[in-house]
Amino acid sequence: MTSVRPPIAMLAELTHRCPLSCPYCSNPVQMAMQDQELGTEDWMRVFREAVELGVLQLHLSGGEPASRRDLVSLVRAARDAGLYTNLITSGIGLNERRLTELDEAGLDHVQLSLQGTTPEMADEIGGYKGGFKRKMQVAEIIGKIGFPLTLNAVLHRRNLHQLPRAIEMAQEMGARRIEVATVQFHGWALRNLDALMPTRDQAREATRIVAEARAALKGKLVIDYVPADYHDDYPKRCMGGWGTTGLNVAPDGEVLPCHAAQSIPHLKFDNVRDTPLHEIWYKGEAFTAYRGTDWMQEPCKSCERKEIDFGGCRCQAMAVVGDPAATDPVCIKSPHHGALQVKADQHATRDDAPLVYREAPGKTVDDPVG
Amino acid sequence: MLAQEVPSLPRGVRLHFDKVRSTWVLLAPERAVTLDDIGHAILSEVDGARSFGEITAALAEKYNAPAEEIAKDSAGFLGALRDRRFLDVVSA
């Protein structure tokens with residue numbers, strides 16, 4: 001490793017609490033309890049440490065970040081520290097008063113999740129009755145205040161047919177961007193492979209729809225697209241490369257190279273309660289483990305794409321192959337590629353599979369607005 | 001971009017000096033665009049009031065360069081930002 005550059009983005013998972021229980025939630029299956037969450041002062045210190053480290057973009061996420069009563073104070077502290085602040089929310093727990101306070105605190109951008117384009121679909125996927133209606137009200141207030149908005153649609157076999165409508169909705173809401181993210185199978189989604197795996201035809205159709213919409217909406221709506229990678233031939237450049245671009249701080253203060261990293265059993269994670277962020281980024285065991293290319297085995301080691309995709313996703317190699325240093329099995333060069341494609345096609349036929357909802361973390365959820 | 005059009009940075013897009021990397025960046029939703037001296041010089045003139053023609057004339061004078069060349073470079077740079085929704089443009 002010659003030189004390690006500072007990170008650009010930090011994902012602050014303020015809490016694992018959430019009123020929704022989406023079956024593809026990226027939170028780990030073992031969630032942090034409310035009484036383990038970092039306090040307000042700790043988070044504020046972490047934001048200042050992040051700025052000194054070189055972080056520019058702060059993504060405030062969860063769980064549902066609005067479930068934190070100190071959200072407005074945290075946004076203000078992050079802006080004062082010099083960070084670009086992005087709130088990633090389902091909208092539940094936000095109202096006009098709170099959004100106005102967030103505006104005054106300097107919130108830069110809102111990213112609103114979309115579980116479906118109809119109340120029936122959205123409420124079923126989110127496991128929260130009335131959630132869609134509330135979300136639409138929140139979207140209206142976001143527009144009224146004038147926050148820049150990104151709509152974040154997570155798509156899977158059950159709702160991929162709603163993609164064209166999701167793109168329309170983004171325009172109606174005045175969003176500048178939409179993220180079209182096909183579900184990634186980590187965390188809770190791994191328990192829903194049968195219920196959520198898109199068919200190969202759906203995956204292809206989504207790619208076509210996105211390409212057409214990008215051309216038609218150039219300069220009006222920016223579309224970021226995460227394709228269904230089980231059906232792909234090359235893996236994604238996960239996290240822009242392990243330990244190169246971003247870091248995650250979990251609700252309890254553990255610092256992770258990506259949100260699923262805790263699924264790799266041998267990794268040891270430092271905590272912001274004990275160790276400065278700077279030291280964690282440059283010297284922490286979890287960050288150095290798969291940074292760069294030295295850790296690679298064949299076929300990655302001699303591959304001409306090794307610095308294009310860095311072998312893909314470590315957590316996916318762990319989940320599917322059982323070895324976090326293996327080539328991401330999505331890759332056509334992986335000996336497990338063929339089996340993965342067959343497995344994906346099989347999962348995609350299980351139309352009777354029930355949704356396995358994410359559970360709530362250890363403690364009862366308080367009313368987020370209070 | 002036409003000379004009479006007025007570019008502006010929309011809400012959520014702002015210039016920021018990155019002290020750690022000693023460089024100017026344009027911060028936008030989910031993106032941080034590193035700016036070179038030229039990019040920073042152009043965006044520093046974008047105030048939401050002056051037209052593209054006025055901006056390029058000012059830059060030509062300031063840097064003692066041909067206005068046509070400046071206009072061409074600036075239009076390419078600003079056009080790319082506009083496509084990414086990092087720049088609003090209205091007709092004067």
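How many bridges join strand E5 (residues 149-155) of chain A to strand E6 (residues 177-182) of chain A, and do the two run parallel or antiparallel? In this predicted model, the count comes to 6 bridges, and E5(A) and E6(A) run parallel.

Helix H4 (residues 119-126) and helix H5 (residues 131-145) of chain A have axes that come within 8 Å and cross at roughly 110°. An angle from 65 to 115 degrees counts as roughly perpendicular, so that is how H4(A) lies relative to H5(A). On the H4(A) side, the residues that meet the other helix are Pro119(A), Ala122(A), Asp123(A) and Gly126(A), while H5(A) brings Gly131(A), Phe132(A) and Lys133(A). Sorted by class, this contact has 3 nonpolar, 2 polar and 2 charged residues.

Then there is the nonpolar core. The largest one has 126 residues, and those with the most contacts inside it are Met10(A), Phe47(A), Ala50(A), Val55(A), Leu58(A) and Ile178(A). Take Val55(A) as an example: leaving aside residues up to four places away in sequence, Val55(A) touches Pro7(A), Ile8(A), Ala9(A), Met10(A), Ala50(A) and Leu83(A).

Over in chain B, 3 strands make an open sheet in the order E2-E3-E4, with antiparallel pairing. Strand E2 (14-18) and strand E4 (31-34) of chain B stand at the edges with a single partner strand each, so one side of each has no neighbour in the sheet. From one strand to the next, the twist averages 35°. Between E2(B) and strand E3 (residues 23-28) of chain B there are 5 bridges, again in the antiparallel sense, and Leu15(B) stands opposite Leu26(B) in E3(B).

Finally, the two chains meet. Chain B puts 15 residues into the contact and chain A puts in 17 residues. On the side of chain B that touches chain A, E3 and helix H3 (67-83) of chain B each supply at least two residues. By class, that side of chain B has 6 nonpolar, 1 polar and 8 charged residues.

Key: Residues numbered from 1 in each chain as written. Chains lettered and ligands numbered in written order. Predicted model: local features only at pLDDT ≥ 70, side-chain atom pairs only at ≥ 80, totals over all residues. Pairing = 2+ DSSP bridges. Helix = DSSP H or I, 4+ residues; strand = E, 2+ residues; numbered from the N terminus. Axes fitted to C-alpha atoms, helices over the stretch in contact; angles between N-to-C directions. Parallel < 35°, antiparallel > 145°, perpendicular 65-115°, else oblique. Contact = placed C-beta atoms within 7 Å. Nonpolar A, V, L, I, M, F, W, Y, C, P; charged D, E, K, R; others polar. Core = buried A, V, L, I, M, F, W, Y, C linked by C-beta atoms within 7 Å. Buried ≥ 20, exposed ≤ 12 C-beta atoms within 10 Å, placed from the backbone.
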